[in-house]
Amino acid sequence: MKPLSLQVKLLFFIGALLILLEVANLLTGNMLNQFGVIPRTLSHLPYIFTAPFLHGSPAHLFANIVPLLLFMWLTMQWGKRTFIAATLCAMVIGGLGVWLLGRSAIHIGASGMVYGYFGFLVLAGFIGNKKRYLLISIVVAVIYGGMLVGVLPSSRFISFEYHLFGFLGGLFAAWYWAR
């Protein structure tokens, strides 16, 4: 995924899609949130693929969108296959972790993906053998290292489970990439 224009187009598309879904969700009284993950509810298992695109409010979306797009772009620097693998690991491992072990609630939001990319970015540079990847990892760890607190329970309205399992998915993706 080298061409910058392709990366920018994908990031613009994802950002626009998230905003459009939030507008649709607002106009329908948050009806789209029914497509979030409800732990251990079999009918909600497929929603591990839709929950990251839904948010409880515009503030929730805007808290996620900048780090999401930034971390997506940084992960794209590892190449298309690695970006896809990191995305799928964060989405599937994060979603399954929440579905299996999460609190009884509707879990939505892109923060699981943010934490997944964060986990990938922090670990991949340290276990790789290229200086530019190490530099990315160091910068992300220094600037965003405080995010690690988010994998701990802090509020009953924040899915620390999505943060934790998304982060673990990102670490797994980095380990897989390094193999």
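Trp-78 and Tyr-133 are both buried (under 20% relative accessible area, with exposed meaning over 50% and partly exposed in between, for a 1.4 Å probe and protein chains only). This is a predicted model, in which local features need pLDDT of at least 70 and side-chain atom pairs count only at pLDDT 80 or more, while totals for chains, interfaces and linings use all residues. Residues are numbered from 1 along each chain as its sequence is written, and side-chain values use heavy atoms, without hydrogens and water.

Phe-120 is likewise buried, as is Trp-78. The rings of Trp-78 and Tyr-133 form a stacked aromatic pair, at 4.4 Å centre to centre and 15° between the planes (rings of Phe, Tyr and Trp, the last by its six-membered ring, pair if their centres lie within 6.5 Å; planes under 30 degrees apart are stacked, over 60 edge-to-face, and the rest tilted). Because Trp-78 lies in the loop between H2 and H3 and Tyr-133 in helix H5 (residues 131-144), the pair ties together parts 55 residues apart in sequence; helices (H or I, at least four residues) and strands (E, at least two) are DSSP runs numbered from the N terminus.

The structure holds 13 aromatic pairs. One of them is edge-to-face, joining Trp-78 and Phe-120 at 5.1 Å centre to centre with 75° between the planes.

Phe-120 also belongs to the largest nonpolar core, of 33 residues, where Leu-68, Phe-71, Phe-120 and Leu-121 touch the most other members (a core is a set of buried Ala, Val, Leu, Ile, Met, Phe, Trp, Tyr and Cys residues joined through side-chain atoms within 4.5 Å). H4 supplies the largest share of this core, eight residues.
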